[in-house]
Amino acid sequence: MTVHNSDIAAIFREIADLLEIEAANPFRIRAYRNAARMLDGSSLDVAGLIRQGRDLPHIPGIGADLEGKMREIVATGRCQTLQKLRREVPPGLADLLVLPGLGPKRVKLLYDELDVHTPAQLERAARDGRIRGLPGFGIKTEQRLLQALVKRSETGRRFKLSTAAEYAGPLVEYLRATPGVMRVEIAGSYRRARETVGDLDVLVTAKAGAKVIARFTAYDEVAQTVASGTTRATVILRCGLQVDLRVLPEASYGAAMVYFTGSKAHNIAIRRLAQARGLKISEYGVFRGDRIVAGDTEESVYRCLDLAWIPPELREDRGEIDAARAGWLPRLVEFDDLRGDLHCHTRASDGQETIAGMAAAAQALGLDYIAITEHSRKVTIAHGLDARRLLRQIDEIDRFNEGRSGITVLKGIEVDILDDGRLDLPDGVLGRLDLVIGAVHSSFGLSRETQTTRIMKAMDHPHFTILAHPTGRLIPDREPYDVDMARLIRHAKERGCHLELNAHPERLDLLDIYCRQAKDEGVLVAVGSDAHRAADFANLRHGVGQARRGWLEKADILNTRPLKALRPLLRQTM
Ligand code: DGT
Ligand code: CA
Ligand code: CA
């Protein structure tokens, strides 16, 4: 049985939720949450190491107790602590905790007073106006809950792209080993590199479908087979992720890839083009009457419509079809275009490695430079640096660079933008750095105007170089804060500073639409891994996927520049 990091994380998260409802020790709850986040954001194969009987690297915040639980989960797929909590707390109650304004105390009150223990019951109670009368609740809270419940049922449960990737990889490998199978590809939103996916759409070409379906539904991670026929099946994996599989003949490969990659909007638009030419387009091919005219490759399908092949990340009906017709499609940035990474952490704040360790990992990926950008003092939980410790790190980096390792380490900081727009460290020390990344880590609830002016003021600082994760969203827990991004982009242009596309799987922030706006305004985007350990540089691939969704080309990305061309861009123009 395969256990993924996110399986362990999901168990820890559920334990934390249930402990919260039981009003357990907050430190204990936080320990589970931190461990879950660590596991989710990490590319370290915890289960693999445990199974091979190897020692886990020291992970701050994960003591012997949690490590024991990880071993238990890897060995048995379950955790006794969770089983016990599930017996104690009514099921469904934990689902209520994610709603805005509902902490454990209120959830317990809803349960005790109204016997509400599922989102559906809560929705009914809200519609009936029964919630407003509870102590500490009111009409406003009741309405806010109702809105959140409606939105929730509309969006359903989506998986982070990086989480889906953990399940997709082994499944594809498994299917490829089926006799008679020619190709196995994942289409859908996954191939379009959306930051979250609703389900996986797997496309297989083979002569006989039934054997493929039988092997698919027998996959050891399948918890439930929802539907299964001779050419298609739908299953739910144990982690809750749905997988749709279609088997098609090899001659339909291109047409099927176009169809199942979508998006729906893109498909509808190209179907209309086909109709105007008297063609019919389906997952089996492009047809004139009964005669097939294209479909073995994606190129052949687009060619029938006088279109150039369109990269999957652009297939959202956001102008890509006109661009493909006119020959204006962007040459999207690729991972190999990156020359460096401008956002990572070391042990000095909340990272796991030394400077040399991070540099070596980046070098192994082919990068020529990285910037070390620790948190600043305000972020006490991440052991943020004050001026004195930052100065010491500056010396340490200078010494590292004198050693001529073949990779250059730039001196940076991820400095907090304070509520009033000032930066969390004195000018003197900021002036000694190669770059200053400013970040909002507090006061997410400010009004749009106040938040926007706060950030613009930070950008006005003469040493400000890059705005970190510009909207602050965390997938799936935190919506972007309210900010006028168009104004921030224009301001960045005026000030000669840049916007980060933070490639951490929970962030992927700058959002694709804003990447495109930045490009239109001529503002450069810095794809930053936000790596806290060596393996996290792999985040950059997801960052590049998001940049591609934002139509970005090599020249639109700051860190595709060689070091010499980069340096002058790290200084503000005014
Ligand atoms: P997701 O799963 O919500 O993240 O998003 P997708 O885009 O993967 O959507 P999904 O899984 O429902 O369907 C996969 C692709 O199949 C979709 O991108 C386009 C195609 N498709 C599905 N249903 C329709 C439809 O009703 N009309 C058309 N034209 N295409 C469809
Ligand atoms: Ca899908
Ligand atoms: Ca699907």
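**Entry 1: helices H1 and H10**

I looked up the packing of helix H1 (residues 5-21) on helix H10 (residues 161-176) and found an angle of about 130 degrees, with the axes 9 Å apart. That angle makes H1 oblique to H10. I work here on a predicted model, in which local features need pLDDT of at least 70 and side-chain atom pairs count only at pLDDT 80 or more, while totals for chains, interfaces and linings use all residues. Residues are numbered from 1 along each chain as its sequence is written, chains are lettered from A and ligands numbered from 1 in the order in which they are written, and side-chain values use heavy atoms, with hydrogens and water left out.

My terms are as follows. Helices (H or I, at least four residues) and strands (E, at least two) are DSSP runs, numbered from the N terminus. Axes are lines fitted to C-alpha atoms, for helices over the stretch in contact, and angles run from 0 to 180 degrees between N-to-C directions. Angles under 35 degrees count as roughly parallel, over 145 as roughly antiparallel, 65 to 115 as roughly perpendicular and the rest as oblique.

I then listed the contact (heavy atoms within 4.5 Å): Asn5, Ser6 and Asp7 of H1 meet Thr163, Glu166 and Tyr167 of H10.

**Entry 2: the calcium ions**

For the calcium ion (ligand 2), I found the protein donors (N, O and S atoms within 2.8 Å of the metal, 3.2 Å for Na, K and Ca; water is not among the atoms, so sites may look incomplete) to be Asp199 (O), Asp199 (OD) and Asp201 (OD), at 2.2 to 2.7 Å.

The calcium ion (ligand 3) is coordinated by Asp199 (OD), Asp199 (OD), Asp201 (OD) and Asp244 (OD), lying 2.3 to 2.8 Å away. I noted the sequence spacing of its donor residues as D-x1-D-x42-D. Asp199 belongs to strand S4 (residues 199-206) and Asp244 to strand S7 (residues 242-248), so the pair ties together parts that are 45 residues apart in sequence.

Which residue bridges the two calcium ions? I found that Asp199 does, the ions (ligand 2 and ligand 3) lying 3.8 Å apart. Asp199 is buried (under 20% relative accessible area; exposed is over 50%, partly exposed in between; 1.4 Å probe, protein chains only), with a value of 17%. Asp201 is also buried.

**Entry 3: helix H23**

I checked helix H23 (residues 539-549) and found 9 of its 11 residues buried. Among them are Leu540, Val544, Ala547 and Arg548. The buried residues of H23 pack against strand S11 (340-344), strand S16 (498-502), helix H22 (512-521) and strand S17 (525-528). Just after H23, I recorded a positive phi of about 65 degrees at Trp551.
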